[in-house]
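Look at the sequence and the model shown here, and follow the chain from one end to the other. The paragraphs below go through its parts in turn.

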Amino acid sequence: MTHEPYAGGRDDRPVIAVNDRGLTLGQDAGGTWIIWNEDDTVWPRHTVWRAYDRLLWLLPLLQQPQKAVVDAVSAVKGGGELLTAVLRYALGCWSDYWAGLALGWLETGYPAAGLLDALRALKDSARQPQPVRHRALRLVPKGLVGGDGRESNPPGPGSGPHRF
């Protein structure tokens, strides 16, 4: 994983503005997801980084209208995988704010299938507040994981309370 700026080209294709301070998500000519800045207050203008190296910088996408972000990013090859990586990062984040925003995306219909392990970890996380853990628990499909985190078996006929 590199933490140095990436030498992007001038034919980079913008996909969506990450924030209102000039951070932009797009792809280079080779299809690599990149982030660059459009102002020069911190880094030289158009300094470029690989998006997967800077998922933290993409968390503000979760503050934008979900449909707009999904439509813009998913329209480009590999966009669904990138959004799933951002959501995974947010679900495992130290901040209940970002985890809560990611849960909101999942609660409103963003596919959670690739995030079940992150949801299981979040529901058991001692560092997250109880409301966040409970929201994660509600998203874990019933019958796949029990309250103790182990695989559970659905009750069969006659498995209710025994009568003597």
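Helices (H or I, at least four residues) and strands (E, at least two) are runs assigned by DSSP and numbered from the N terminus. Read from the N terminus, the elements of the protein chain follow the order β-β-β-β-α-α-α-α-α-α. That makes six helices and four strands. The model is predicted, so to speak of local features a pLDDT of at least 70 is needed, side-chain atom pairs count only at pLDDT 80 or more, and totals for chains, interfaces and linings use all residues. Residues are numbered from 1 along each chain as its sequence is written, and side-chain values use heavy atoms, with hydrogens and water left out.

Two terms describe the chain as a whole. A residue is buried at under 20% relative accessible area, exposed at over 50% and partly exposed in between, with a 1.4 Å probe and protein chains only. By this rule, 41% of the 164 residues of the protein chain are buried. A contact means heavy atoms within 4.5 Å. Among contacts in the protein chain with a separation of 6 or more, 50% are between residues 24 or more positions apart.

Start with the strands. Two strands pair if DSSP finds at least two bridges between them. The four strands form an open sheet in the order β1-β2-β3-β4, with antiparallel pairing. β1 and β4 (48-50) are at the edges with a single partner strand each, so one side of each has no neighbour in the sheet. On average, neighbouring strands of this sheet are turned by 35° against each other, direction ignored.

How many bridges join β1 (residues 13-17) to β2? There are four, and the two strands run antiparallel. In this pair, A17 is opposite T24 of β2. The hairpin of β1 and β2 has five residues between the strands, and G22 takes a positive phi near 95° there.

Q27 has W33 of β3 as its bridge partner, G26 has I34, and L25 is opposite I35. This hairpin too has five residues between the strands, and G31 takes a positive phi near 90° in it. β3 is then joined to β4 by three bridges, also antiparallel, and W36 has V48 of β4 as its bridge partner.

Are the residues of β2 buried or exposed? In β2 (residues 23-27), five of the five residues are buried. L23, L25 and Q27 point one way from the strand, while T24 and G26 point the other way. β3 is largely enclosed by the rest of the structure, because five of its five residues are buried. Its faces are both covered, with W33, I35 and N37 on one side and I34 and W36 on the other.

Next come the helices. α2 (residues 66-74) includes V73 and lies across β1, β2 and β3, at about 170° to β1. Axes are lines fitted to C-alpha atoms, for helices over the stretch in contact, and angles run from 0 to 180 degrees between N-to-C directions. V73 has 0% relative accessibility and therefore counts as buried. Leaving aside neighbours within four places in sequence, V73 is in contact with V15, I16, L25, W33, G79 and L83. V73 and L83 are 10 residues apart along the chain, and their C-alpha atoms are separated by 7.6 Å.

A nonpolar core is a set of buried Ala, Val, Leu, Ile, Met, Phe, Trp, Tyr and Cys residues joined through side-chain atoms within 4.5 Å. The largest one has 41 residues, and those with the most contacts inside it are L25, L58, L91, L106 and L119. Its largest share, seven residues, comes from α3 (residues 79-91). Apart from neighbours within four places in sequence, L119 is in contact with L91, L103, L106, A112, A136, L139 and V140.

Two packed helices are described by the angle between their axes and the distance between the axes. The axes of α4 (residues 96-107) and α6 (residues 130-139) come within 10 Å and cross at roughly 25°. The two helices are therefore roughly parallel to each other, a label for angles under 35 degrees, with over 145 roughly antiparallel, 65 to 115 roughly perpendicular and the rest oblique. Residues making this contact include L103 and L106 of α4 and A136 and L139 of α6.
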